[in-house]
Amino acid sequence: MREYLSTSPAETEQLGERLAAVLRPGQVVAFFGDMGSGKTVFTRGLARGLRCTETVSSPTFALVHEYGGQPPLVHFDMYRISTWDELDSTGFYDYIDQGCVLAVEWSENIENALPEDAIRVEFFRGDGENDRLIQISGESAHEDLGN
């Protein structure tokens, strides 16, 4: 596991962009953290790093946003997902099989369905308003993404 301290949304976004550089098609990036902790901001960085041209927004009401990119980025919000049938209806497994990178907010709700090689990104609030401790673990945790 690697830990990073972000003191601004821009730094959180930059960390996401640096993680994108080590991702491969079919990889799942599973986010854990409270509302407003930086998950969507981090996803904006992933999108920029994967050369997506669409604007990233929270997928709360649509559950799934497709952003294109190389490989394509698909952004999930699992906040309201509580059953296997609901998860299946999102197309979660289909997107993995298509070689997309999946950014999954509220992964706590589908933890038992995450692939073993999922990258876990956990967000914790720091002392300052914009301070975030971001812990990255999993297959890409050995990569030093800088700070």
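## Fold and side-chain features of a predicted 147-residue chain

The chain holds four helices and seven strands; helices (H or I, at least four residues) and strands (E, at least two) are DSSP runs, numbered from the N terminus. This is a predicted model, in which local features need pLDDT of at least 70 and side-chain atom pairs count only at pLDDT 80 or more, while totals for chains, interfaces and linings use all residues. Residues are numbered from 1 along each chain as its sequence is written, and side-chain values use heavy atoms, with hydrogens and water left out.

### Overall form

Read from the N terminus, the order of elements is β-α-β-α-β-β-α-α-β-β-β. Along the principal axes, the C-alpha atoms occupy a box of roughly 40 × 30 × 30 Å.

Of the 147 residues, 50% are buried. Buried means under 20% relative accessible area, exposed means over 50%, and partly exposed lies in between (1.4 Å probe, protein chains only). The accessible surface of the chain is about 7300 Å², and carbon and sulfur atoms supply 46% of that area; the areas come from the Shrake-Rupley method with a 1.4 Å probe, and for residues only the protein chains shown count as cover. Among contacts with a separation of 6 or more, 63% join residues 24 or more positions apart, where contact means heavy atoms within 4.5 Å.

### Aromatic pairs and charges over rings

Seven aromatic pairs are found in a search of the whole structure. A pair of aromatic rings is described by the distance of the centres and the angle of the planes. Rings of Phe, Tyr and Trp (its six-membered ring) pair if their centres lie within 6.5 Å; planes under 30 degrees apart count as stacked, over 60 as edge-to-face and the rest as tilted.

One of these pairs is Phe31 with Phe123, an edge-to-face arrangement with 5.7 Å centre to centre and 65° between the planes. Phe31 belongs to strand β2 (residues 28-32) and Phe123 to strand β6, so the pair ties together parts that are 92 residues apart in sequence. Phe31 is buried at 0% relative accessible area, and Phe123 is buried at 4%.

Phe92 and Tyr93 also pair edge-to-face, because their ring centres are 5.2 Å apart and their planes stand at 80°. Phe92 is buried at 0% relative accessibility, whereas Tyr93, at 32%, is partly exposed. Both rings belong to one aromatic cluster that is formed by Phe76, Phe92, Tyr93 and Tyr95.

Two rings have a charge over them. A charge sits over a ring if NZ of Lys or CZ of Arg is within 6 Å of the ring centre and within 35 degrees of the ring normal.

| Charged residue | Ring | Distance to ring centre |
|---|---|---|
| Lys39 | Trp106 | 4.3 Å |
| Arg120 | Phe32 | 4.0 Å |

### Backbone features in loops

Trp106 is placed in the loop between β5 (101-105) and β6. Its phi is near 60°, a positive value in a residue other than glycine. Trp106 is buried, with 14% relative accessible area.

Arg51 is another residue that is not a glycine but has a positive phi, of about 65°. Arg51 is found in the loop between α2 (39-49) and β3, and with a relative accessible area of 55% the residue is exposed.

The peptide bond from Gln70 to Pro71 is cis, its omega being near -5°. Pro71 sits in the loop between β3 (64-66) and β4 (73-77).

Glu13 lies in helix α1 (residues 9-20) and is buried, with a relative accessible area of 16%. Apart from neighbours within four places in sequence, Glu13 contacts Val41, Arg44, Gly45 and Arg48. With Arg48 there is a side-chain to side-chain polar contact of 2.5 Å. A polar contact is a pair of N or O atoms within 3.5 Å; within protein, one must be able to donate a hydrogen and the other to accept it, and residues adjacent in sequence count only if both atoms are side-chain atoms.

Gly126 is in the loop between β6 (119-125) and β7 (132-137) and is partly exposed at 32% relative accessibility. Not counting residues up to four places away in sequence, Gly126 touches Asp131 and Arg132.
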